[in-house]
Each structure stands twice: as C-alpha cells, then as structure tokens.
Amino acid sequence: MIKPSMLRSLHSAVSRGSSHLARRGYSSESTPERKVVVLGAAGGIGQPLSLLMKLNPLVSSLSLYDIAGTPGVAADVSHVNTRSEVVGYQGEGELGKALEGADVVIIPAGVPRKPGMTRDDLFNINAGIVKSLCTAISKYCPKALVNMISNPVNSTVPIAAEVFKKAGTYDEKRLFGVTTLDVVRAKTFYAGKAKVPVAEVNVPVIGGHAGITILPLFSQATPQANLDHDVIVALTKRTQDGGTEVVEAKAGKGSATLSMAYAGALFADACLKGLNGVPDVVECSFVQSNVTELPFFASKVRLGKNGVEEVLGLGSLSDFEKEGLEKLKPELLSSIEKGIKFANQ
C-alpha cells in the first residue's frame with residue numbers, strides 16, 4: 001500500500017516550486033488555467049511523463065496524443081485524483097484538436113535507441129516524425145512553448161526551428177531542447193562522489209544532448225567538493241554515457257524512459273512556473289543562442305512569461321572544461337547542420 005506521505009512527496013518532487021502557492025493560502029483554482037500536450041503519450045517516455053504531468057497542480061488540462069494506444073493511457077491517467085482534466089487523442093486526424101489552445105507542448109514521440117544504435121541511426125525515423133508534428137504545432141498552437149525530447153535533440157531542435165520559420169511562426173524564445181536529464185545525471189553522480197545530499201546539488205550542463213557534446217561543468221557544481229581531476233574526468237564520461245549505460249542495462253528492451261520522463265516533467269514544470277510569472281526560474285536547455293559561435297547551444301536559461309527571458313553565459317570554465325568545449329563544437333555543429341538540411345529537403 002502506498003503511504004499518503006509517499007504520494008505527497010511524489011507530488012512535491014514534480015512541482016516543488018508550485019507548493020509555495022499552496023503555502024501562501026492560494027487554492028489551485030487561483031493558479032492560471034494551463035493546457036499541456038504530450039505528443040507520443042503512449043510510448044515508453046510518454047506514459048510515465050503523462051502520469052507525472054497529471055501530478056502537477058499547475059496543469060489544468062492534459063492532452064495526450066499518439067498514433068495508437070492513447071485512449072487506454074488517457075483513461076488510466078484520468079482516474080488520478082488531481083486537478084487536471086485528461087483527454088486522449090489518437091491518430092493524425094485528431095492531432096489538431098489535441099494541440100488547440102496549448103500552453104506547453106512536450107514531444108517525446110519517436111522510436112527509442114536500441115543496443116548498437118547511435119543517435120544518428122535514430123535520425124531518419126525521428127526527424128520525419130518531428131517535422132510533421134511541428135508542422136501541426138505551427139498551425140494549431142503557434143504560441144505554445146515547445147519542449148523537444150525526441151532524439152537526436154541536437155538535430156530535432158534545428159528541424160523544428162526550420163519548420164516554424166517556413167510557417168512564419170518561429171519564435172526562438174519558445175523552442176527548447178530538453179537536456180534536463182544530463183543535469184539530473186550530473187547531480188546524481190556528483191552527489192555520490194562528493195558525499196553530499198543530492199537535493200542540495202546543482203551542476204550546470206552545457207553544449208548539446210549526445211555523447212561528447214554533453215559537457216557538465218563540475219567546476220561550478222555546488223556545494224563545491226575538491227574532487228581529484230581523475231574523478232572529474234570519470235564523472236564527465238559517465239554523464240556523457242548515461243544513456244548508453246541504461247540501454248545496455250535494459251539489454252535490448254529499451255532506453256532511458258523513466259529518468260527521462262522525470263527530467264521532462266521537471267523542465268515542463270519550470271516552463272509553467274515561468275509562464276505564471278514565478279521569478280528566477282533558471283534551467284539548462286538547448287536553445288537558439290549567441291553564447292558561442294554555434295546557432296544552438298545548451299546553457300543556463302532564465303524562463304519567464306514569453307519562454308526564454310535570457311540566455312545566460314557559461315561562467316568561468318576549468319582548463320579541462322575549456323578543452324571539452326572546443327572538442328564538442330565540430331560534432332554539435334554537424335548535428336545542427338544535419339537537422340537544418342533535413343528540414344529543407
């Protein structure tokens with residue numbers, strides 16, 4: 001039997017910051033109406049993500065879309081006794097209805113990575129899916145904040161940008177590549193080595209969202225622990241290879257779905273808080289950026305009522321991090337260009 005305390009902590013894990021509204025005596029009715037859409041809701045990430053968004057008190061309407069299987073997921077999730085109304089939509093004919101009036105659209109749609117598959121192997125399948133979903137977003141909810149989870153994120157975010165540009169709806173402040181899982185992993189792995197409570201840990205992660213393009217800035221981690229250089233090197237590699245670690249552990253039966261759903265729910269919660277005017281909401285995300293010479297880059301971003309309020313600088317880097325930054329740039333640029341080329345075919 002699940003203890004009430006456990007349920008409460010589940011609630012608060014997903015929306016720590018929204019609980020301050022309750023503490024101040026506001027009821028959930030006084031928080032704005034917000035519609036969140038999950039595209040790919042019946043998949044491995046989509047199902048736990050849908051559940052976590054149902055637990056978020058900032059969501060008033062939860063729209064679940066997939067090409068198949070959505071009625072069952074929606075019926076199941078709808079029985080959870082939280083604020084949001086849940087509706088399931090199935091098949092391309094219902095995509096428009098699913099999207100209309102959306103404030104935040106989360107896209108975990110696509111196929112997962114299997115053992116031996118690179119993120120590039122995923123490219124042709126997932127790039128096509130993302131292109132068609134973004135075409136619909138530009139038509140039915142052009143002002144929504146778009147949270148891209150579908151891999152390879154280093155290419156799918158540029159694809160989305162190109163689709164929106166063609167439709168005349170592109171706003172760089174409203175398009176995000178979700179790199180939160182890299183931050184979640186970096187925090188977890190760092191806390192283990194630094195012997196500090198993970199809830200107190202913060203580690204910025206910059207660059208992109210695949211392999212060496214993922215660059216955790218352990219020199220900026222808080223609380224600061226003086227870890228040996230070889231430990232930092234190992235932590236960096238483990239953060240970069242976190243996805244592969246899970247793919248191998250699942251032995252051909254899937255990729256990181258549960259931790260990705262958690263990370264996706266955290267980032268969507270941050271977007272909702274920003275939209276609702278909560279001050280100083282800062283998360284790392286892969287966005288259009290002038291922080292480096294690359295057109296898209298992940299770094300800390302301040303979120304607000306228009307999505308991106310400010311893309312923050314990288315801060316001071318260690319020599320090891322500076323080296324990692326220079327190493328990742330060519331690979332990240334090539335993934336970005338690959339996305340742009342695909343979108344314009």
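Predicted model: local features only at pLDDT ≥ 70, side-chain atom pairs only at ≥ 80, totals over all residues.
Local features need pLDDT of at least 70 and side-chain atom pairs count only at pLDDT 80 or more, while totals for chains, interfaces and linings use all residues. Residues are numbered from 1 along each chain as its sequence is written, and side-chain values use heavy atoms, with hydrogens and water left out.

Trainee: How far apart are the end C-alpha atoms of helix H8?

Mentor: Helices (H or I, at least four residues) and strands (E, at least two) are DSSP runs, numbered from the N terminus. The expected span is 1.5 Å times one less than the number of residues. H8 has 15 residues, 180-194, so it should span 21 Å. The model agrees, with the end C-alpha atoms apart by 21 Å.

Trainee: How many residues of H8 are buried?

Mentor: Buried means under 20% relative accessible area, exposed over 50%, partly exposed in between (1.4 Å probe, protein chains only). Among the buried residues of H8 are Thr180, Phe189 and Ala194. They pack against several elements, including helix H11 (258-275) and strand E9 (281-288), by contact (heavy atoms within 4.5 Å). H8 is mostly covered, and the buried count out of 15 is 11.

Trainee: Is Leu122 buried or exposed?

Mentor: Leu122 sits in the loop between strand E4 (104-107) and helix H6 (123-140). Its relative accessible area is 2%, so Leu122 is buried.

Trainee: Which residues have the most contacts inside the largest nonpolar core?

Mentor: A nonpolar core is a set of buried Ala, Val, Leu, Ile, Met, Phe, Trp, Tyr and Cys residues joined through side-chain atoms within 4.5 Å. The largest has 47 residues. Strand E1 (35-39), E4 and H6 are among the elements giving it two or more residues. Another core, of 41 residues, lies apart from it and includes Ile45 and Val281. In the largest core, the residues with the most contacts are Leu39, Leu99, Val105, Ile107 and Ile137.

Trainee: Which residues does Arg174 contact, leaving aside its neighbours within four places in sequence?

Mentor: Arg174 lies in the loop between H7 and strand E6 (175-177). At 15% relative accessibility, Arg174 counts as buried. With those neighbours left aside, its contacts are Lys143, Ala144, Leu145, Val146 and Asn306.
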